[in-house]
Amino acid sequence: MGFQIDPTFIQAAEHRPKSTISDAGSIPLIDLSPLLPHQIPSDPSDPAIPNEISNLIAQIGEACENWGFFQVVNHGVEVELLEKVEAVTKEFFALPVEEKRKVKRGEVNPMGYYDAEHTKNVRDWKEVFDFSVTEWVTPLLRLENHWPETLPAMREVCEKYYKAVEKLAFKLLELISLSLNLPAKRLSAFYEDSNSYIRLNHYSPCDSPDLVLGVGCHKDCGGLTVLFQDEVGGLDIKRKTDGEWIRVKPVHNSFIVNLGDIIQVWSNDKYESVEHRVTVNSEKDRYSIPLFFNPASSTNVKPLEELVSENNPPKYHEYNWGHFYKTRKDSNFQKLEKENIQIYHFKRV
Ligand SMILES: O=C(O)CCC(=O)C(=O)O
Ligand SMILES: [Fe+2]
C-alpha cells in the first residue's frame, strides 16, 4: 500500500498550494541603514527631519499600504546572533520526540513545544516552540516558558535574540507610526507589558506537499510580525493588487515584516493585514523564526481617534486583545466545529 497522509492535514481543494508564482517580483526590500547615523524623529512634521529618514518613512508607508509586507536589511541585529539562534533551533527540533514533549504546551499555557497546531481547523505540517521573555498569569492567560533540560544553551541564545529583535520591532513600530503621520511613540505606549512571543518553526519534508500546508492561509492577528526565514523558502503572500500567491524569496540576513490585524484596526483599514501561508516541499527541512510583536493583553483595540473623521468613520467596534488572543489560541489548540475568531467579526456594517 502506498503512503497515506493523515487526513487531518489535508487542505480543501481550493486551499491547496498549486498556484504559486515563484519568481514573480517580490515584496519591497527596505534598507534601514539611515537609522545608523540618525535618530528616529519624534514628530512627523518636524522640519529638521533629514531627507534619508523622510525617504525611509515614505518607503515604509508605501510598503504598508500596497503590500502589508516588506523585507528589511541593515536592521542592526547581529549576523552572529542570527546564526546562533538558527543553530539552536535546529538542535532543539532534532531532539528525540520524548524530550520535546517534556516541554509541550498545554491547554492553559500556550508556551512550549507543539506539533498539532490547526490554522482554520486544518492541521499544519509543522512543529513549533513558543517562548517569551516575560512570564505572567492573568485571569485570562498563563504564559510560562518551558525550556528543555537537555539543551541548556537554548534559553540564553533565545532570550538574547528576543531582545535584539524586539528592539528592531520597536523601531519599526515608530517608523510605521510616523508613516501614518502620528508621533513616533503613538503606538509604543500599547506595548508596555506586551504579550509578544517568539515562535521557532520547523517544517519537515512532506511526501505530498501539494495536499498540505506548513501554515494554512491566514492573517496574523497581533500587531506586527518580524520573521527570520532560512534559505529554503516557502512563505507565500497573497498580493494585494491581484490576489495572486507570490513566494517571498529568501534574502540573506534580512527580516520579513508584516502588519497584523491590530495595525489594520488602528489604521482604520489604511493599512491591511495580508493573507499568507507556508508551503512545504518533499526534500528540505525549513526553519523560520517569527517575533509576534503584540500589545499588552489589557489593550482595547479600536481605530485611532486621529485617523477617523466624519468622512472616515471608525470601521471597527472596540475589542479586547487579551480576550481575542486567548480565544484564537484555544482554537489553534484543537479542531473546533465553528470558525475561529476573526477581526471582521468586529467590523461595523
Ligand atoms: O514560516 C513562515 O514563513 C511564516 C509563518 C507564519 O506565517 C506564522 O507562523 O504566522
Ligand atoms: Fe503568519
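This is a predicted model: local features need pLDDT of at least 70, side-chain atom pairs count only at pLDDT 80 or more; totals for chains, interfaces and linings use all residues.
Residues are numbered from 1 along each chain as its sequence is written, and chains are lettered from A and ligands numbered from 1 in the order in which they are written. Local features need pLDDT of at least 70, side-chain atom pairs count only at pLDDT 80 or more, and totals for chains, interfaces and linings use all residues, while side-chain values use heavy atoms, with hydrogens and water left out.

**The iron ion**

Select ligand 2, the iron ion. Its protein donors are H218 (NE2), D220 (OD) and H276 (NE2), lying 2.1 to 2.2 Å from the ion. Donors are N, O and S atoms within 2.8 Å of the metal (3.2 Å for Na, K and Ca); water is not among the atoms, so sites may look incomplete. Along the sequence the donor residues follow the spacing H-x1-D-x55-H.

H218 and D220 are both buried. Buried means under 20% relative accessible area, exposed over 50%, and partly exposed in between (1.4 Å probe, protein chains only). H276 counts as buried because its relative accessibility is 5%.

**The four-stranded sheet**

Next select H276 and its strand, β15 (residues 276-278). Strands (E, at least two residues) and helices (H or I, at least four) are DSSP runs, numbered from the N terminus. β15 belongs to an open sheet of four strands in the order β10-β15-β12-β13, with antiparallel pairing. At the edges are β10 (215-218) and β13 (245-247), each pairing on one side only. Two strands pair if DSSP finds at least two bridges between them; two bridges join β10 to β15. H218 stands opposite H276.

β1 and β2 (residues 69-73) run parallel and are joined by three bridges. Show I30, which stands opposite V72 in β2.

**Two crossing helices**

Finally, select α1 (residues 51-66) and α4 (residues 153-179), whose axes come within 8 Å and cross at roughly 85°. Axes are lines fitted to C-alpha atoms, for helices over the stretch in contact, and angles run from 0 to 180 degrees between N-to-C directions. α1 and α4 are therefore roughly perpendicular (angles of 65 to 115 degrees; under 35 is roughly parallel, over 145 roughly antiparallel, the rest oblique). Contact (heavy atoms within 4.5 Å) is made by residues including L56 and I60 of α1 and L175 and L178 of α4.
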